[in-house]
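Today I went through the aromatic rings of this model. Here are my notes, in the order I looked things up.

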Amino acid sequence: MYINKEMTNAEIFAVAIALKDNFNDESLQMPAKASFCLAKNNALFLDLAQEIEKTRNAVFAKYGTLNEEQTGYNFTPDVIDIANKELDDLFNITQEVKIYLIDLDDLKDIKLSPQQMSILMVMINDNE
């Protein structure tokens, strides 16, 4: 089962990073259904975050110059507000996200940290 949820690009980006940082442990054993839903959601959020990141990098390249170490961009004072406005607009865009739902019962025997549980809240089916 899935739901379509309106999310901002900022929310999508945050979930993608949180999933990547907190669910790379192959030893986390979940029931097949929950594992499948988590994998689908992880792939979806990663794809969406990559699209957002491409646009973010395009804004950086448009208004900034790559620093000598090529690790970031420098902005002149006359364009910093314009660049920030475009980035704010990008991260405030809302889009509908198809989220596969995990039944809360499927997680009852799983040892999750509070942070992991918090991340999963967006995909937990609470209509049981």
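This is a predicted model: local features need pLDDT of at least 70, side-chain atom pairs count only at pLDDT 80 or more; totals for chains, interfaces and linings use all residues.

Is Y73 buried, partly exposed or exposed? I found Y73 partly exposed, since its relative accessibility is 30%; buried means under 20% relative accessible area, exposed over 50% and partly exposed in between, with a 1.4 Å probe and protein chains only.

Residues are numbered from 1 along each chain as its sequence is written, and side-chain values use heavy atoms, leaving out hydrogens and water.

Next I searched the whole structure for aromatic pairs and got 5. Rings of Phe, Tyr and Trp (its six-membered ring) pair if their centres lie within 6.5 Å; planes under 30 degrees apart are stacked, over 60 edge-to-face, and the rest tilted.

I looked at F13 and F91, an edge-to-face pair with 5.6 Å between centres and 85° between planes. F13 sits in helix α1 (residues 9-22) and F91 in helix α3 (residues 77-92), 78 residues apart; helices are DSSP runs of H or I with at least four residues, strands runs of E with at least two, numbered from the N terminus. F13 is buried at 16%, and F91 is buried at 19%.

Then I turned to F60 and Y73: the centres are 5.8 Å apart and the planes at 35°, so I logged the pair as tilted. F60 belongs to helix α2 (residues 32-63) and Y73 to strand β3 (residues 73-75), so the pair ties together parts 13 residues apart in sequence.

Last, I noted that ring pairs link Y2, F36 and Y100 into a cluster.
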